[in-house]
Amino acid sequence: MPSGSEQLTIMLPLHQAGRWQRVIEDNLAAMPAKARILISDATGVDGTLDQLERAHRHDPRVRFLRPAISPGWREHCNALLAEVETPLAAFMPQDDSIAPGHFEALVGVHNQRPDTAVSFGLVKAQNIETGGGAAMLERLPYRPGERPAWQEAVSAAFQWNPGIAFRGVVRMSLAQPIAPTDRDRFADLVWVFGMALHGHLVEVPAVTYLKRMHTTATHPDWDRFSEDERRFFLLNELIRQFPDRPQFVNCVGAAIWCESARRMPPPWQDQLRDW
């Protein structure tokens, strides 16, 4: 079990990570001295994990894992979540970058605000294949804590991209395994929504995270969610999170339906005005 100073586990799921070994090394150097770090490769198609294990075998923070699971990013992330024993955890994709102090700032928010479900920094995205500078992704469109968590969660799911917060620090008491979606598209978004129903998403402008965009990443071939898909998976997650609270599920479900209808073309919008 974690000691009193070990609050955070950082999870690095690897796949064909040789291209990013220098990035991974830099991120390890920027991670907190008291954190637990899980570095895992479920496919083993290259020797990156072996090289990292040789280089960091004396680092007391790090464990190296080779889970025998079905291939897929969601299954890999869930296998890592099952290994976490600390109250807080975070995913660190192999191809992105953080600066020193990043995780300390996000953990500090959880310590200051016990109602936080996920704390996350600003995210800049850079397409490393087309060149150019990094562009800031959209900011959280509301101030957390001014409304009940479920209302903010519904707003985030329709007015923002909760997948941005997937790169933050999550409170493990609220983190269930990531549920499947169609080809696991946007399962990260739905997972964050599920936690946000219980606690607030808190943006931390003091830290910035660099996301590298490229054609070999997990998500470039994800086509956009249709409104029917978004509504379906959000409602499924709502029911999964609150199986014994049917009245609450009905209330939040109605809000999801209303937000979904607002984004649809007529006649849905005409019917919504009639309500």
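The model is predicted, so local features need pLDDT of at least 70 and side-chain atom pairs count only at pLDDT 80 or more, while totals for chains, interfaces and linings use all residues. Residues are numbered from 1 along each chain as its sequence is written, and side-chain values use heavy atoms, with hydrogens and water left out.

**Threonine 86**
- T86 sits in the loop between helix 3 (73-81) and strand 4 (88-91); helices (H or I, at least four residues) and strands (E, at least two) are DSSP runs numbered from the N terminus.
- With 4% relative accessibility, T86 counts as buried (under 20% relative accessible area, 1.4 Å probe, protein chains only).
- Its side chain lies with a polar atom 2.8 Å from the backbone oxygen of L88.

**Helices 7 and 8**
- The axes of helix 7 (residues 227-241) and helix 8 (residues 246-262) come within 10 Å and cross at roughly 165° (lines fitted to C-alpha atoms over the stretch in contact, angles from 0 to 180 degrees between N-to-C directions).
- Helix 7 and helix 8 are therefore roughly antiparallel (angles over 145 degrees).
- Contact (heavy atoms within 4.5 Å) involves residues including L234, L235 and L238 of helix 7 and V252, I256 and W257 of helix 8.

**Glutamine 126**
- Q126 belongs to strand 5 (residues 116-127).
- C-alpha to C-alpha, Q126 and D96 are 9.9 Å apart in space and 30 residues apart in sequence.
- Beyond neighbours within four places in sequence, Q126 contacts G132, G133, A134, L210, K211, R212 and M213.

Methods:
Buried < 20%, exposed > 50% of the residue type's maximum accessible area, 1.4 Å probe, protein only. Polar contact = N/O pair within 3.5 Å; in protein donor to acceptor, adjacent residues only side chain to side chain. Parallel < 35°, antiparallel > 145°, perpendicular 65-115°, else oblique.
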